[in-house]
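Subject: Structure handover

Hello,

I am passing on the structure below, followed by notes on what was found in it. Please read the notes with the structure open.

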Amino acid sequence: MSYPKIPLSFYRQGDVLRISRELIGKVLCTNIDNSLAAGIITETEAYSGTDDRASHAYGGRRTDRTETMYQPGGVAYVYLCYGIHHLFNVVTNKKGKADAVLIRAIKPIEGIDTMLDRRNFDTLKPALTAGPGRLTQALGITIDYDAQSLNTDIIWIENRNNRIKPDHISSGPRIGVDYAEEDAELPWRFFLSESSWVS
């Protein structure tokens, strides 16, 4: 059964917090090296462009790395963390706003053997994809796919009508942003409350 890709209009809404919450339960898919892999998004973090001290674009910062964030919503922003981990973000809002949602965890549902192989795992367990660097490795996402449109057959997100009740989504402070002063305490991380597939 095929499912529709989320339209670009969804990503280009103005409320990054709403998008971050509504991505919970959607399905992140990749078709990389002729291998299809997919997982239910279980954890996200919102970053609100130039006004958010935790954002790479805070204060209007523009570098070769951050330029992708200023594109219209609906492209991937992939960057290296600590020079090791490839982290996958969804750019949102209109051109120039630099909002983004970090995808922190997924629950694998398709291409599980491929994910196990990429991560050198023998068995399916949360450590496979619960964590932003883990899920990108499992899905084959690297910085080579930075600025990739999410409306293609390479990386995309589907709506499979997974009904997530609002009270099944929890929120809390984002992880690893202590440098962001008061913004570090904002409850902009969203996750499935009862899921073991969160970081």
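A residue counts as buried when its relative accessible area is under 20%. Leu 150 has a relative accessible area of 0%, so Leu 150 is buried. Bear in mind that this is a predicted model.

Leu 150 sits in the loop between α4 and β6 (155-158). Leaving aside neighbours within four places in sequence, its contacts are Lys 5, Tyr 11, Gly 74, Val 75, Ala 76, Phe 88, Val 90, Ile 155, Trp 156 and Ile 157. The C-alpha atom of Leu 150 is also 9.9 Å from that of Leu 28, and these two residues are 122 apart along the chain.

The largest pocket holds about 590 Å³ of space. Its lining has 27 residues, and those nearest its centre are Tyr 79, Cys 81, Leu 87, Leu 102 and Ile 175. Two or more lining residues come from each of β2 (35-48), β3 (76-81), β4 (85-92), β5 (99-110) and α4 (132-139). By class, this lining is made up of 15 nonpolar, seven polar and five charged residues.

The second largest pocket has a volume of about 250 Å³. It is lined by 15 residues, with Glu 22, Ile 24, Lys 26, Asn 162 and Ile 164 closest to its centre. Helix α2 (residues 16-22) gives the largest share of this lining, three residues. Here the classes are four nonpolar, four polar and seven charged.

Regards

Terms used: Residues numbered from 1 in each chain as written. Predicted model: local features only at pLDDT ≥ 70, side-chain atom pairs only at ≥ 80, totals over all residues. Heavy atoms only, no water. 1 Å grid on protein atoms, 1.4 Å probe; cavity = no way out; pocket = protein on both sides within 12 Å on 5 of 7 lines; lining within 4 Å. Points joined across faces, edges and corners; volume = space filled by probe spheres on them. Helix = DSSP H or I, 4+ residues; strand = E, 2+ residues; numbered from the N terminus. Nonpolar A, V, L, I, M, F, W, Y, C, P; charged D, E, K, R; others polar. Buried < 20%, exposed > 50% of the residue type's maximum accessible area, 1.4 Å probe, protein only. Contact = heavy atoms within 4.5 Å.
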